[in-house]
Amino acid sequence: MERIPILKMGPFLLVTIQVDLYDRLALNLENDLISMVSQTGARGVLIDISAVSIVDSFMGRILGNIASMSRIMDAETVVVGMQPAVAITLVELGLTLQGVYTALNVEKGMELLNKKLGSDLAQDEDEEDDQDDRDE
Amino acid sequence: MNTTAQVLEKNRNRILELWMQNQLSEASLRDDLMTSEELQRQSQDMLDALLRAISKENYGNIYAQEFEQVTDTLRDISITRARQGFSPRETGAYVLSLKKALSEILVEERAEDPTTLYKELIAINNLLDNLSIVTFETFIKGREEVILRQTDEISEISTPVIRVWDGILALPIIGTLDSARTQIVMENLLQEIVNTGSNIAILDISGVPAVDSLVAQHLIKTVSATRLMGAECIISGIRAEIAQTIVHLGIDLSNIKTKASLASALQLAFSMTNLEVRRSEKKLGLNFSR
Amino acid sequence: MIVMSKDTMEIVREQDVVPFRNRVREFCTRIGMSLVNQTKLITAASELVRNMLKYANGGEVLLEIVSQNAKTGVRLTFTDQGPGISDIALAMRDGFSTGRSLGLGLPGTKRLVNEFDLKSQPGQGTTVTVIHWKHGR
């Protein structure tokens, strides 16, 4: 069965969608990606849709689902490279992908994830510091 | 007895003469837009077509086949005049002065037969009134085409996307934002975001005369589309009265970054991209060393 | 309205959606429709075809290139023999859905195209006709 490859890059997963997804393939992607997140303990997921010319409400729902499911497993999702025509159409359709981060390209998406991860780590350290303070 | 058409046909040259006289004596004659030779030729064509049409003894139905050439010529003239900038009165006077000429001839010819004259005048009047309606319809259509073309031109020229800094775009919107315009604005902006890889877009609405709920909706759409692409959008140029209407209409812009001026929007954009603008400490006095 | 070219396509399974979208794209490019307008129409077509599969187990789509008042556009007619829609006004309301979807379906689709017409009789299927002009609007 045809599958979309998922690449692991450090703490992140990268998926590049190169074809117009039919529904089965999209659902497979959702499953595969979520199990990969749980297996690898990835902290972020990048989905590159720069080659996708049509995003309808089904595809939008898949993207939303991936983001919500990953978040529960402590990973943020960034959708990168959406084409202008697709963005205009989604807005007109009323689909604004709430809860999904977006970036212009993979590089900027990676930056965004690093920043999110960085501030998370900083927060964790702060909390640990607080803990230490209290211990003393 | 001769029919109306025959009577008029017999007097063809006099009608043209009278008609031309009527037109030339009109205070509103636009000899700046059209020479009297041209007018003469136009009128001749028109009269020929009309006489040919009524020779079929049809004075009522101008949509019949024999009138095709009359209405075509008339439409042609009206639309040309609309484009040349004639006023409605000037355009209408063309047909109405023909009516006057025709009536005068009939009055002369039928002096001894008032009953026939009465009938004929009514028929000719109705016919020419119908023709003047065609003139107006076409005239207005011609003007609408002009307006439509200008609207297209305006929406094309008035949405430049400016690169104000590395990674920061500005788009000043001038004029009303309707749905057709919004799509052009969005397309230009989003394409430029891709081309330049910019993270921030500033929409400046100083040049938008009024913001109602529809315009606000278009702005919100543009912001949402920008975010879907992965860039952030700031709306600037919100004047006091615009802020007032927005609040009075209950429009929720709380999810959108807004600033009063383009300058403060740019400042916000700088701080979002971790940039800082500082006055450089130049040594004074060097300029005077001459 | 003058029909300049037409074609029909059967939609019976989910795998037909992608080829159907390509067929719509072909029609759009044939009249030189801009990319944004193409994307809007294809997305709308995709939504409608999914509805057809979900509620009526498929149906037939008529694709046409039409011309009216010097405007050229693509007209799509979706016909199914499904259960039909009993309350059209309710189905056209934003946020309403009987299936497990986002409820953007019909009203969202309507916003994407220039002309939208829905006819349905409960028990006798549904026909949706959409037109998108070359220049939009």
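Colleague: What does B:Q42 count as, buried or exposed?
Modeller: Bear in mind that this is a predicted model, where local features need pLDDT of at least 70, side-chain atom pairs count only at pLDDT 80 or more, and totals for chains, interfaces and linings use all residues; side-chain values use heavy atoms, with hydrogens and water left out. Residues are numbered from 1 along each chain as its sequence is written, while chains are lettered from A and ligands numbered from 1 in the order in which they are written. Buried means under 20% relative accessible area, exposed over 50%, and partly exposed in between (1.4 Å probe, protein chains only). B:Q42 has a relative accessibility of 11%, so it counts as buried.

Colleague: Which residues is B:Q42 in contact with, leaving aside neighbours within four places in sequence?
Modeller: B:Q42 lies in helix 3 (residues 36-54) of chain B; helices (H or I, at least four residues) and strands (E, at least two) are DSSP runs, numbered from the N terminus. Contact means heavy atoms within 4.5 Å. With neighbours within four places set aside, the partners of B:Q42 are B:M34, B:I77, B:R81 and B:Y94.

Colleague: Staying in chain B, how many Å separate the C-alpha atoms of B:D72 and B:Q183?
Modeller: B:D72 is in helix 4 (residues 68-84) of chain B, and it counts as partly exposed because its relative accessibility is 42%. B:D72 and B:Q183 are 111 residues apart along the chain, and their C-alpha atoms are separated by 38 Å.

Colleague: How far apart are the centres of the two domains of chain B?
Modeller: Chain B is divided into domain 1 (4-153) and domain 2 (162-272); the bounds come from an automatic or database domain assignment. Taken over C-alpha atoms, the separation of the centres of domain 1 and domain 2 of chain B is 53 Å.

Colleague: What radius of gyration does chain B have?
Modeller: The radius is taken over C-alpha atoms, and the globule rule is 2.2 Å times the number of residues to the power 0.38. The C-alpha trace of chain B spans about 105 × 60 × 35 Å along its principal axes. A compact globule of 290 residues would come out near 19 Å, but chain B has 32 Å.

Colleague: And chain C, what is its radius of gyration?
Modeller: Chain C has 4 helices and 5 strands, in the order β-α-α-β-β-α-α-β-β along the sequence. The globule rule gives 14 Å for 137 residues and chain C is close to that value, so chain C is as compact as a globular protein of that length, with a radius of gyration of 14 Å.

Colleague: What share of the residues of chain C count as buried?
Modeller: The C-alpha atoms of chain C fill a box of roughly 40 × 25 × 25 Å along the principal axes. Among its contacts between residues at least 6 apart in sequence, 65% join residues at least 24 apart. Of the 137 residues of chain C, the buried share is 50%.

Colleague: How far apart in space are C:R75 and C:F27?
Modeller: C:R75 lies in strand 3 (residues 71-80) of chain C. Not counting residues up to four places away in sequence, C:R75 touches several residues, including C:M1, C:L62, C:E64 and C:I131. C:R75 and C:F27 are 48 residues apart in sequence, and their distance in space, C-alpha to C-alpha, is 9.6 Å.

Colleague: What phi does A:D74 have?
Modeller: Most residues other than glycine have a negative phi. A:D74 is in the loop between helix 2 (57-72) and strand 4 (76-80) of chain A, and it is partly exposed, with a relative accessible area of 45%. A:D74 is not a glycine, yet its phi is positive, near 65°.

Colleague: What is the relative accessible area of B:N274?
Modeller: B:N274 lies in the segment after helix 10 (262-272) of chain B. B:N274 has a positive phi of about 60° although it is not a glycine. B:N274 is exposed, because its relative accessible area is 70%.
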